[in-house]
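Dear colleague,

I am handing over a structure that will be new to you, and I would be glad if you could look through it before reading my notes.

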Amino acid sequence: MIDFEKLKQIILKNSSFLLTTHVNPDADAIGSEIAFYHLLKKIGKKVYIINHSSLPYNMEFFNKGNIIQRYDEELHKNIFNEVDVIVALDFNRADRTVRMEKGIRRSNKLKICIDHHQDPEEFVDHQFIDTNVCAAGQIIYDLINQTKIVELDFNIAEPIYAAIMTDTGSFRFDRTTPEVHIIIAELLKLGVNPEQVYDKLYDQSKFSKIRLLGRALNSINLLADNKLGYMVITQKDFEELGAIESDTENFVNYNLSIENVVLGILFIELKDGFKVSFRSKGNIPVNKLANEFGGGGHTNAAGARLFTNNMQEMIPIILSKTELYLNN
């Protein structure tokens with residue numbers, strides 16, 4: 001259980017905060033940042049949101065007033081020691097911030113983590129982690145609901161809704177509990193429009209993304225008696241179609257829409273290595289599989305980012321390990 005009273009006291013006793021999240025942020029990451037930003041601003045705190053990655057274009061509607069900045073080593077070189085508290089949202093391993101990692105580790109300021117993933121790294125002073133909730137955004141809601149630190153309003157409710165909606169797979173994953181639906185009902189009472197949020201996040205894709213999805217679907221192969229499906233996206237695909245890495249969000253789930261497939265993998269070639277995403281059905285803990293390659297995540301959704309290995313050489317190794325994993 002999270003000690004929300006301790007978190008509340010940390011917030012009240014400090015004046016300035018740096019919020020950040022993981023590389024290639026999803027809507028839970030961005031939504032949690034925006035919700036926490038508005039919470040802090042309501043009680044007069046000075047707040048910065050700085051991320052390693054650019055804000056995905058389908059989440060730009062959250063960034064009213066351009067409050068989210070992309071990390072610039074020269075511009076932000078002193079920020080880690082100028083604030084009172086550094087807040088890690090929706091991640092629990094420092095390397096997930098890539099270029100910001102050194103600054104975070106070296107800072108002597110108070111560091112806290114608000115997250116829902118498993119296997120946390122000890123790089124912060126206080127962890128506020130609950131692996132049983134559906135999203136980091138739900139923790140922000142629970143903080144407000146249990147401590148009454150601020151009054152919930154639309155500016156906080158909409159990003160929390162987006163965080164929960166996306167991380168539950170539009171309310172179809174196993175952590176979509178009765179409590180989650182009660183939270184959603186409260187958010188809707190504050191004016192959140194489900195149709196508009198879904199449209200902005202999922203139905204305003206650039207044509208290049210749809211073409212990339214077609215390329216990814218065409219690459220699907222099945223292994224392990226059709227229980228394992230995997231797809232591959234190369235740098236050539238990105239260049240030819242004018243697509244970007246964040247366009248691949250949720251592509252891996254298409255593997256699981258195939259009959260009999262219980263484990264899906266997406267390989268994405270990057271300019272500095274490659275990324276692999278794992279998804280599974282039932283009680284197959286792909287976070288343990290991802291951990292073998294330096295990654296982590298949830299039981300049914302995990303990933304790893306490898307910076308030094310050639311993707312084409314590593315694909316057979318990862319697939320072989322995955323088949324052994326399935327057989328065992």
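Predicted model: local features only at pLDDT ≥ 70, side-chain atom pairs only at ≥ 80, totals over all residues.

I begin with helix α1, which covers residues 4–13 and in which F4, L7, K8, I10 and I11 are buried. Seen down the axis of α1, these buried residues fall within an arc of 160°, so they line one face of the helix. The elements they pack against are the strands β1 (16–20), β4 (85–89), β5 (110–115) and β6 (126–129), together with the helices α2 (27–42) and α5 (136–147).

Helix α9, residues 207–218, has 12 residues and reaches 17 Å from its first C-alpha to its last, which is close to the 16 Å expected at 1.5 Å a residue. Its buried residues are S208, K209, L212, L213 and A216. Because they cover an arc of only 140° around the axis, they lie on the same side of α9, whereas F207 and N218, on the other side, are exposed. The buried residues of α9 pack against β8 (228–233) and α10.

About 530 Å³ of space lies in the pocket, and of the 24 residues that line it, N24, R70, I244, E245 and R305 lie nearest its centre.

How values were computed
Residues numbered from 1 in each chain as written. Heavy atoms only, no water. 1 Å grid on protein atoms, 1.4 Å probe; cavity = no way out; pocket = protein on both sides within 12 Å on 5 of 7 lines; lining within 4 Å. Points joined across faces, edges and corners; volume = space filled by probe spheres on them. Helix = DSSP H or I, 4+ residues; strand = E, 2+ residues; numbered from the N terminus. Expected span 1.5 Å × (residues − 1). Buried < 20%, exposed > 50% of the residue type's maximum accessible area, 1.4 Å probe, protein only. Arc of directions from axis to C-beta. Contact = heavy atoms within 4.5 Å.
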